[in-house]
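Hi,

Here is the structure I promised to pass on. Have a look at it first, and my notes follow below.

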Amino acid sequence: MAAAALMAGGCWGCGARALPGNGRLALLLLAARARGASSGGRLLCTATQQKNTGQNYEDDQTHPQKGQPNSTEKTLIEEKTKLEEQLKDLTDKYKRALADTENLRQRSQKLVEEAKLYGIQGFCKDLLEVADVLAKATESVPKEEITDANQHLKSLYEGLIMTDGQLQKVFSKHGLVKLNPIGAKFDPYEHEALFHSPVEGKEPGSVALVSKIGYKLHGRTLRPALVGVVKGVE
C-alpha cells in the first residue's frame with residue numbers, strides 16, 4: 001500500500017525515507033523495474049515505427065508504379081536495342097564474308113583447273129609449227145614418184161606419214177585437236193577469213209578453202225584456221 005501511495009504521489013525519495021531499511025530497498029527495486037518497463041515500451045514503439053517506415057520505403061523502391069519504367073529499366077532496354085542492332089550488323093557481315101570466301105574458293109579452283117589444262121598452251125603452239133613443217137614436207141612429195149622402183153622415196157614418205165600420225169596421237173592425248181573446216185559454216189571464233197569469193201555450187205558463208213589448219217586445246221581455240229569464205233552472188 002505504501003508503494004502504491006508513493007507511486008500515485010510521484011515522490012519516490014520521500015516515501016523511501018519514511019520506510020524502514022528493508023522496506024526502502026524493496027521500494028527502490030520496484031521503482032527501478034517500473035522505470036525500465038516504461039522506457040522499454042517507448043523504445044519498442046519507436047523501433048516498430050521505424051521498421052514500418054523502412055518497409056514502406058523499400059516497397060516503394062521495389063514496386064514502382066505500373067506503366068512507368070524506372071531509369072534502370074530504360075537503360076537496360078536501350079542496351080538491349082543496341083546489342084540487337086550490333087548482332088544484326090555482325091550477322092550480315094558474317095554472311096557476306098562467307099559468300100566472298102566461297103566465291104574466292106571457286107575462282108581459285110577454276111584457275112587451278114585451267115592451269116592444269118592450259119599450262120602447256122605455249123608448248124603446244126611451238127609444236128604446231130613443227131606439225132606444219134611436217135605436213136608441208138609430206139605434201140611436197142610427188143605421189144606419182146612413190147613407187148616400188150623408187151624405194152628410198154617411198155620409205156621416206158612412209159616415215160613422214162608415220163611421224164605425222166604419231167604426233168597427232170600425242171596432240172589428241174593432251175586435248176589438242178585439228179580444225180579443218182572445209183565445207184563447214186564460217187565461225188569467227190574458230191576461223192580467220194583470208195578472203196571472200198563467190199564459188200559456184202557452194203553455200204554462201206561456208207568455208208571453201210583451208211589455207212592453214214587450226215587447232216583447239218580442250219575446247220578453246222588455240223590457233224584459228226585460215227580459210228577462204230564463199231561470198232554470195234549479188
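In which strand is the place of Leu 194? Leu 194 belongs to strand β2 (residues 191-197), where strands (E, at least two residues) and helices (H or I, at least four) are DSSP runs numbered from the N terminus.

Some housekeeping before the rest. This is a predicted model, so local features need pLDDT of at least 70 and side-chain atom pairs count only at pLDDT 80 or more, while totals for chains, interfaces and linings use all residues. Residues are numbered from 1 along each chain as its sequence is written, and side-chain values use heavy atoms, with hydrogens and water left out.

Back to Leu 194: with a relative accessible area of 45%, Leu 194 is partly exposed (buried means under 20%, exposed over 50%, partly exposed in between; 1.4 Å probe, protein chains only). Together with Phe 195 and Leu 209, Leu 194 makes a nonpolar surface patch of about 270 Å² accessible area. Patches take residues with over 30% relative accessible area and no salt bridge, joining like charges within 9 Å and nonpolar side chains (Val, Leu, Ile, Met, Phe, Trp, Tyr) within 5 Å. The areas are Shrake-Rupley values with a 1.4 Å probe, and for residues only the protein chains shown count as cover.

On to the rings. There is 1 aromatic pair (ring centres of Phe, Tyr or Trp, the last by its six-membered ring, within 6.5 Å; planes under 30 degrees apart are stacked, over 60 edge-to-face, the rest tilted). Phe 171 and Tyr 215 have ring centres 5.9 Å apart and planes at 85°, so the pair is edge-to-face. Phe 171 sits in helix α6 (residues 151-173) and Tyr 215 in strand β4 (residues 214-217), so the pair ties together parts 44 residues apart in sequence. Phe 171 is buried at 3% relative accessibility, and Tyr 215 is buried at 2%.

Then the charges. I get 6 salt bridges, meaning a side-chain nitrogen of Lys or Arg within 4 Å of a carboxyl oxygen of Asp or Glu. One of them joins Asp 132 and Arg 223, with the closest N and O atoms 2.6 Å apart. Asp 132 is in helix α5 (residues 121-139) and Arg 223 in strand β5 (residues 220-223), so this pair links parts 91 residues apart in sequence. Asp 132 is buried at 15% relative accessible area, as is Arg 223 at 13%. Another bridge, Lys 154 to Asp 148, has an N to O distance of 2.7 Å; here Lys 154 is partly exposed at 21% and Asp 148 exposed at 57%.

Cheers
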